[in-house]
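Grab a pencil and work through these exercises with the model open beside you. Each task is followed by a solution that goes step by step.

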Amino acid sequence: MSAPTRRLTTAQALVRFLSAQYTERDGVRRRLIAGTWGIFGHGNVAGVGQALVEYADVMPFHQGRNEQSMVHAAVGHARQLNRLSAQAVTTSIGPGATNLVTGAALATINRLPVLLLPGDYFASHAPDPLLQQLEHPVEADVSVNDTLRPVSRYFDRITRPEALIPSALQAMRVLADPAETGAVTLALPQDVQAEAYDWPEEFFAERVWSVRRPAPDPVELTAAVEAIRSAERPLIVAGGGVHHSEAEAALKAFVEATGIPVASTQAGKGSLRHDHPADLGGIGHTGTAVSDDLARTADLVIGVGTRYTDFTTASGTLFQNPDVRFLNLNITGFDAHKLAARTLVCDARSGLELLREALAGHRVSAAYAAEYRAGKERWDEVVEAAYRAADDSAVPTQTQVLGALDAAVGDDDVVINAAGSLPGDLHKLWRSRSPRQYHLEYGYSCMGYEIPAGIGVQQAAPGTPVWALVGDGTYLMMPTEIVTAVQEGLPLNIVLLQNHGYASIGGLSEETGGERFGTAYRFRAADGTFTGAPLPVDLAANAASLGMDVLRAKTVRELREALAAARASDRPTCVYVETDPAPTAPPAEAWWDVPVAETASREAAVEARERYDRQVAGRRRHL
């Protein structure tokens, strides 16, 4: 007797399959693919598009305006839900598909799951070449979707209907695996999407993917305990893995048992509340003075769920104790082995809980605890000074904008940012009150991320106030998903800071001898330089034209009033403020390596190279 089958197109089978996939961790079950974003063209409209209509009752659909930003929205959704739920993104072939590449890179770099379903050429090659097809002279099976291979954790082109079965299962495995997750791409030739096949009923059965919490190897655990017991100045570096594994409570218990202080990466900030005595704030190039001072003298650095990017390590110049050693607790061996560390390859929550039990009774010295607490108190005064406005009728500085926002938000509000000068100011100054309040995409630091990511966060956490912080540069990259927020009825808040140029890269240009060339939004003079008045561009009017309510704030007082009004509104709202460009943020506490011209005739570049040579001399190879 043959097994029961169901005759569907490949696209219909895929949508039906995706609607029956779930994750489960700690007894909590979620839809693995919670919905699908899409922009339709000839590569997906008659296949995946028709299937989404066919199964609209089981697969929510969201209409996007830009393919890259649809991926950003899906990433924001996944991060808010600690990688336990993802969204799919479908596009046409050609530019629709290649627009996915930036978002896919962002997802994979940040270890966040998203399923990409771009259309592809005809598998039959019947119409060849078709509209938007890339013709390769020696590799006929290459399409533009091959650009997604290096930025995907799993990639397949489904050239036969039955090939979908093993590939779809592998795709779900990767999305749900905390050690392997990232962007997953299933390229779908448009003729195969519409082709019918007799699918086994088992393919559509409800399937639950268990999200593992692997425990550490006993030998590694014993070595880790020994390393911690022998350290006099240990320091924890909390990364995004603390949040992804929901290990915040385990970290707090570990810290309170041992007294070991915590510094955080951009992804790990909020692992402890800002007012916890052991929370020292950000670390590295954009870190706090207390974190970086302790990092320079630490004899043991305990990385928990961190990738150790160059910002965290100050390009290899931060950890200066000659005897410093590293202990890395990470769910991937790839990251655990960085900096020649002792490794603890495991889930962050499981590892921290077992470490705390094995270290029962062990604490850092009272003198060390007093030292870092005093440093924390000094830094708190720096934050207060940066946030404080002496005159409420004055134009606010950027840090005063953050101070006003800090006063306006609740403990569970989410603040989103990704690029420009804001990430540095936020990492140094923001006072995180809950695990998901601080949402910085700094693995890829992608301009244009904030607005679509805010939409994804609100879809994942309805009723949560969400604030997308954007400068004028990043706003101009990708404001189009404002229309989506209006369409979806999401009360997204945008805080739009206007400083008439690329402020962050302008400062970096000046520091490295580039003299701020090409970083201001100014009229071009006859000699090619950019001088004169700012461009007559009204970004607030643009946001209003896309459907947002817009509140213009010219002073600190008006800013506070506008933020309060935005938070109380049930409509998408933009708070627009032109900021005083005077620098009020604390200077960088550690270096970042951006190579400077080794030879130049201009004085600015010569001086920058001299500074560079002094800094690079402090780099260490941790072996």
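**Exercise 1. Find which residues Asn44 touches, leaving out residues up to four places away in sequence, and decide whether Asn44 is buried or exposed.**

Step 1: Look for contacts, meaning heavy atoms within 4.5 Å. Asn44 touches Ile39, Gly49, Thr90, Thr91, Ser92 and Gln193.

Step 2: Asn44 sits in the loop between β4 (33–38) and α2 (48–54); helices (H or I, at least four residues) and strands (E, at least two) are DSSP runs, numbered from the N terminus.

Step 3: Check the cover. The relative accessible area of Asn44 is 0%, so it is buried. The cut-offs are under 20% for buried, over 50% for exposed, and partly exposed in between, with a 1.4 Å probe and protein chains only.

A word on the source: this is a predicted model, where local features need pLDDT of at least 70 and side-chain atom pairs count only at pLDDT 80 or more, while totals for chains, interfaces and linings use all residues. Residues are numbered from 1 along each chain as its sequence is written, and side-chain values use heavy atoms, with hydrogens and water left out.

**Exercise 2. Work out where Ala600 lies and what it touches.**

Step 1: Ala600 is in the loop between β25 (573–578) and α24 (603–616).

Step 2: Not counting residues up to four places away in sequence, Ala600 touches Ala605 and Val606.

Step 3: With a relative accessible area of 36%, Ala600 is partly exposed. Its C-alpha atom is separated by 9.3 Å from that of Gly513, 87 residues apart along the chain.

**Exercise 3. Say how many residues of helix α18 (residues 450–460) are buried.**

Step 1: Count them. The score is 11 of the 11, so α18 is largely enclosed by the rest of the structure.

**Exercise 4. Identify the residues with the most contacts inside the largest nonpolar core.**

Step 1: The largest core has 79 residues, and Ile228, Ile236, Leu251, Leu355 and Leu469 have the most contacts inside it. Helix α15 (residues 366–387) gives the largest share of this core, seven residues.

Step 2: Zoom in on Leu251. Setting aside residues up to four places away in sequence, Leu251 touches Ile236, Ala238, Val242, Val262, Ser271, Leu272 and Leu352.

**Exercise 5. Examine the backbone at Pro129, Tyr308 and Ala340.**

Step 1: Recall the background. Most residues other than glycine have a negative phi, and most peptide bonds are trans.

Step 2: From Asp128 to Pro129 the peptide bond is cis, with omega near 0°. Pro129 lies in the loop between β7 (114–120) and β8 (154–157).

Step 3: Tyr308 has a positive phi, near 55°, and belongs to the loop between β15 (300–304) and α12 (310–313). At 9% relative accessibility, Tyr308 counts as buried.

Step 4: Ala340 also has a positive phi, of about 55°. Ala340 lies in the loop between α13 (333–336) and β17 (342–345), and is partly exposed at a relative accessible area of 46%.

Conventions: A nonpolar core is a set of buried Ala, Val, Leu, Ile, Met, Phe, Trp, Tyr and Cys residues joined through side-chain atoms within 4.5 Å.
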